[in-house]
Amino acid sequence: DGNERGGSIGIVSQRAVLDLPGIFADPRLALDALGAKINWRNEANGTLWQIARAEFRNRDAAGEASGSYKSGNGLGDIDLTARLTRGSGTAVWRYMPLVVGKDARDWLRDAITAGTADEATLRLKGNLDKFPFKDGKSGIFEVKGRFRGARLRYAAAWPEIRDIEGELLFQGARMRITG
C-alpha cells in the first residue's frame, strides 16, 4: 500500500529472483524463499527504503537481514545488518560484489572447495560509492563468522588443505582467515 510519498510492501515468495546489476558478477540472485516487510518514503533527495526484517533461503545460504537504503546521489547510502544461519563455502565467491576484483573472486571460487558456516554476520554501512571503505572511516564493511569442514587449494600446484575449522573476517579491503 502507499501513495506518492511512501508506503509499505509485504513480500512472501517462493522461488524469487532479485536482479542486482552492477553489484554482483552474476546479477540474478535466485532465492528458494523470501519474506520481508519493507517501508519506503520519497524524500527531497531520493527514496528511503527500510527493511524491518527480511528472511531468505537458497541453495547457498539462509539467514535474515534488516536495515535501510537511501537512493539518491551515486550508488546511495546503506545501513544493513545480516546474519547467516547456514552458508556454503564454495559459494562465497558468488556473493563478492564487483568492487572486489575479478582475480580475487576467481581465487575464492577455485581455492575454497568445501566447507560450511553455521553462523556468520554482515555489517555494511556507508556511502556505497566508497565501498569497500578501505580507509575505515568512510563506512563499515565487515563479514565475520566461524566455518568448519573447509578445504582450501591455495594454488594449483599446492596440496589441498582439508578439514579446516576456524574463523573468517572480511573487513574493509582485507581478508583474514584463522584456522
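1. Of the chain's 179 residues, 34% count as buried (buried means under 20% relative accessible area, exposed over 50%, partly exposed in between, with a 1.4 Å probe and protein chains only). This is a predicted model, in which local features need pLDDT of at least 70 and side-chain atom pairs count only at pLDDT 80 or more, while totals for chains, interfaces and linings use all residues. Residues are numbered from 1 along each chain as its sequence is written, and side-chain values use heavy atoms, with hydrogens and water left out.

2. Overall content and dimensions. The chain holds one helix and nine strands (DSSP runs numbered from the N terminus, helices being H or I with at least four residues and strands E with at least two). Their order along the sequence is β-β-β-β-β-α-β-β-β-β. The radius of gyration is 17 Å, close to the 16 Å from the globule rule for 179 residues, so the chain is as compact as a globular protein of that length. That radius is taken over C-alpha atoms, and the globule rule is 2.2 Å times the number of residues to the power 0.38. The C-alpha trace spans about 60 × 35 × 25 Å along its principal axes.

3. Surface and contacts. The accessible surface of the chain is about 11,100 Å², with 54% of it belonging to carbon and sulfur atoms; areas come from the Shrake-Rupley method with a 1.4 Å probe, and for residues only the protein chains shown count as cover. Among contacts with a separation of 6 or more, 47% are between residues 24 or more positions apart, a contact being heavy atoms within 4.5 Å.

4. The sheet. Nine strands make an open sheet, ordered E1-E2-E3-E4-E5-E6-E7-E8-E9, with antiparallel pairing (two strands pair if DSSP finds at least two bridges between them). Strand E1 (6–19) and strand E9 (174–178) are the edge strands, each pairing on one side only. On average, neighbouring strands of this sheet are turned by 15° against each other, direction ignored. Helix H1 (residues 102–111) packs on the sheet and touches strand E6 (112–127), strand E7 (139–152) and E9; the directions of H1 and E6 make about 150°. For these angles, axes are lines fitted to C-alpha atoms, for helices over the stretch in contact, and angles run from 0 to 180 degrees between N-to-C directions.

5. E3 and E4 pair in the antiparallel sense over eight bridges, and a hairpin joins them through three residues. Within this pair, Trp49 stands opposite Tyr69 in E4, and the bridge partner of Gln50 is Ser68, also in E4. The hairpin of E4 and E5 has six residues between the strands, and in it Gly72 takes a positive phi near 155°.

6. Where does Asp60 sit, and what does Asp60 touch? Asp60 lies in the loop between strand E3 (46–57) and strand E4 (61–70). Its relative accessible area is 8%, so Asp60 counts as buried. Leaving out residues up to four places away in sequence, Asp60 touches Arg86, Gly87, Ser88, Ala91, Arg94 and Tyr95.

7. Gly87, one of those residues, is found in strand E5. Gly87 is buried because its relative accessible area is 8%. With residues up to four places away in sequence not counted, Gly87 touches Asp60, Ala61, Gly115, Thr116 and Ala117. The C-alpha atoms of Gly87 and Thr116 are separated by 5.6 Å, although the two residues are 29 apart along the chain.

8. Nonpolar core. In soluble globular proteins, nonpolar side chains tend to be buried together. The largest nonpolar core here has 20 residues, and Leu124 and Phe141 have the most contacts inside it. Such a core is a set of buried Ala, Val, Leu, Ile, Met, Phe, Trp, Tyr and Cys residues joined through side-chain atoms within 4.5 Å. E5, H1, E6, E7 and strand E8 (161–171) each supply at least two residues of this core; the largest share, five residues, comes from E7. Neighbours within four places in sequence aside, Leu124 is in contact with Ile78, Asp79, Leu80, Phe131, Phe133, Ile140 and Phe141.

9. Met175 is in strand E9. Is Met175 buried or partly exposed? Its relative accessible area is 37%, so Met175 is partly exposed. Not counting residues up to four places away in sequence, Met175 touches Trp107, Leu108, Leu169 and Phe170.
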